[in-house]
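Hi everyone, thanks for making time.

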Amino acid sequence: MHHQTGPHISRHVYGLRVFGQRFRHRPSDGSAFRRVGGWQPRRTSLMQTLHHHSTLARLVLNTCRHSSKAAAAVHRTAVNYSAGTESQSGATLGASAPGRAPCGGVNAISGNQYQNEQPQQLQGGTATVVRRYAVIGGGFAGVATAYHLLQHCTRESPVHVHLFDPAGLGGGASGAAAGLLHPFTSRGRPLWEAERAMPAAMQLLRAAEAAAAPGQAFCWHQDLLRPAADDKQAGHISGHAAVCAGVAAHLLGAEEALQKLPGLRRPRTLPALLVQGGAVVEPRGYLRALWMACGAAAAAAGGKVVLQRDHVTSLADLERQHGPWAAVVVAAGAAAAALPEVGDIFPVDIKEGYTLQLAPPAGGAYPQDAPSVLGGTYMASHGGARVVVGASKGPGKQLSTAPQACGREATAQEAEMATAALQPAITSIWEPAADWRVDRVQFGVRSLPRRNGEGTLPLTGRLTSAADFHDDSRWWVVTGLGARGLVYHAWLGELLASAVVADDESMLPEPLMRWRRPKAPKVRARKPRGEQSGQALKLHKHAADVAVPK
């Protein structure tokens with residue numbers, strides 16, 4: 001009896017080794033396999049092979065229990081799990097990871113993982129093909145990528161996403177962000193690809209709002225104001241009125257700016273840039289709601305999402321202990337550099353940063369309908385009940401390497417230092433801030449991309465350094481979102497998820513992969529023989545005069 005299997009089955013099968021011959025899927029065919037060496041067998045799918053040849057199936061399954069490379073082909077036949085939620089194990093991957101209790105339908109991790117998984121037949125004789133993805137990092141980029149991976153989930157080909165982050169959702173730099181969302185540079189010009197990035201961010205916000213619990217507020221649509229601090233800044237923002245993705249930026253006079261935000265202390269003779277149509281997002285509430293949207297998407301299509309509070313110290317160990325995976329996406333921000341497979345291959349600067357959460361005095365609140373403040377020192381109003389203050393060049397030191405734990409809390413000494421620097425700075429802009437009390441100091445470590453021709457752009461692509469572990473690397477990285485993670489995270493997550501599922505890096509924009517370009521060596525131009533500089537001629541003449549005195 002012949003069972004038809006859709007192209008989705010064979011399209012995600014890689015690296016099958018059968019009777020000593022290694023076969024690889026050829027994506028251009030959509031259904032064919034080829035043996036490395038050139039022989040082309042008849043077209044068939046992995047599921048047909050397993051169904052008609054039980055002996056071959058047992059051989060492949062037994063081999064996969066002991067080989068992380070060969071397991072990449074069979075793991076997609078795993079049994080369809082129910083939607084899962086979160087693991088509280090807190091283990092460290094790479095040190096010692098003994099078997100741990102199952103969570104959300106996941107088998108205990110051991111040296112013989114997934115031993116109970118078998119191909120599952122649906123109605124009509126079609127088998128499921130489970131695709132398992134690991135995403136490292138519970139910040140903006142990681143959760144957005146998980147959400148978009150789940151958009152490729154179907155009941156015939158379910159998607160399981162395991163999100164790894166020891167600090168949980170928003171425990172790192174994303175959770176410490178002020179949450180100012182707009183598509184403009186500090187000079188009022190649209191950011192690179194902002195016409196695509198901004199609508200994607202707003203769409204993801206709407207998805208999170210739809211999944212959030214009743215009464216959970218984490219997004220406020222409000223204007224943003226960038227007051228000029230001096231004549232130089234006034235010159236930068238003057239004449240740069242623009243509209244980008246439905247968000248408008250235009251110039252306000254000094255008095256108009258004061259009317260927009262009472263208490264503004266910038267020089268009243270200088271203008272300000274008003275951004276209309278932006279938003280302010282409370283990061284941790286947003287990420288929790290977006291994770292709920294991930295769970296809803298998985299449940300609707302027979303997929304699964306799991307949050308595992310494990311500290312991943314090596315991608316190779318993650319593959320051995322929790323794999324096999326269809327792909328692994330590293331979206332850990334600055335912490336990605338602590339992975340040995342990533343290291344310092346990306347041109348980023350790693351810097352500590354702090355934000356203050358200020359609470360109003362008794363009976364006080366942020367002025368209703370007043371804009372939040374952009375600038376070197378910024379202030380975001382979260383519903384009027386509190387404000388978050390930070391600085392683009394505020395306290396915090398530059399780091400030569402990524403710390404092992406980016407998601408820690410600020411120490412008492414750090415909190416005192418950050419308060420002493422940031423509260424006077426915001427008070428010099430908005431006078432009432434002097435009466436607001438510091439409710440919390442948040443700490444984060446950012447991965448800041450270096451400037452290129454298009455500005456400071458995020459970095460993404462396939463991790464080619466993993467080629468020694470996989471024939472075709474299925475490890476991917478997105479990093480360097482820096483201060484613009486909120487505007488870029490949704491668009492980048494969508495692009496990366498599509499590229500990962502298709503196993504096609506060409507789907508990513510080329511400017512985001514310029515980190516691959518080798519730096520051209522500096523070659524000093526040498527002058528032709530016999531040609532000397534004027535200084536060299538003088539020295540030569542002086543030496544001759546000394547050697548042969550008159």
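Let's start at Arg-408: its charged end sits over the ring of Phe-443, at 3.9 Å from the ring centre. Keep in mind that what you're looking at is a predicted model. There's another arginine over a ring, too: Arg-132 lies over the face of Trp-325, 4.1 Å from the ring centre.

Stay with Trp-325 for a moment. Which ring does Trp-325 pair with? That's Phe-164: the ring centres are 6.1 Å apart and the planes stand at 90 degrees, so we call the pair edge-to-face. What I like here is that the pair links distant parts of the chain, 161 residues apart. Phe-164 is in strand S7, while Trp-325 is in the loop between helix H10 and strand S17. Buried or exposed, then, for Phe-164? Buried, because its relative accessibility is 1%. Trp-325 counts as buried as well, at 2%.

Trp-430 and Trp-436 make an edge-to-face pair too, with 5.8 Å between centres and 65 degrees between planes. Trp-430 is buried at 2% relative accessibility, and Trp-436 is buried at 5%. If you search the whole structure, you get 9 aromatic pairs.

Now the inside. In soluble globular proteins, nonpolar side chains tend to be buried together. Here the largest nonpolar core has 108 residues, and Leu-181, Tyr-286, Trp-291 and Tyr-488 have the most contacts inside it. Which helix gives the most to this core? Helix H12, residues 485-502, with 12 residues. There's also a second, separate core of 33 residues, including Leu-258 and Cys-406.

Next, helix H9, residues 283-301, which reaches 27 Å from first C-alpha to last, close to the expected 27 Å. At its start, a side-chain oxygen of Glu-282 comes within 3.1 Å of the backbone nitrogen of Arg-284. Just after the helix, Gly-302 takes a positive phi of about 80 degrees.

Last stop: Arg-462, in strand S24. Its relative accessible area is 14%, so this arginine is buried. What does its side chain reach at 2.5 Å? The backbone oxygen of Ser-473. The Arg-462 side chain also makes a polar contact with the side chain of Asp-503, at 3.0 Å. Among the other residues touching Arg-462 are Trp-475, Trp-476 and Trp-515.

Definitions and conventions: Residues numbered from 1 in each chain as written. Predicted model: local features only at pLDDT ≥ 70, side-chain atom pairs only at ≥ 80, totals over all residues. Heavy atoms only, no water. Helix = DSSP H or I, 4+ residues; strand = E, 2+ residues; numbered from the N terminus. Buried < 20%, exposed > 50% of the residue type's maximum accessible area, 1.4 Å probe, protein only. Polar contact = N/O pair within 3.5 Å; in protein donor to acceptor, adjacent residues only side chain to side chain. Contact = heavy atoms within 4.5 Å. Core = buried A, V, L, I, M, F, W, Y, C linked by side-chain atoms within 4.5 Å. Expected span 1.5 Å × (residues − 1). Phe/Tyr/Trp six-rings, centres within 6.5 Å; stacked < 30°, edge-to-face > 60°. Lys NZ or Arg CZ within 6 Å of the ring centre and 35° of its normal. Lists of a residue's contacts leave out its neighbours within four places in sequence.
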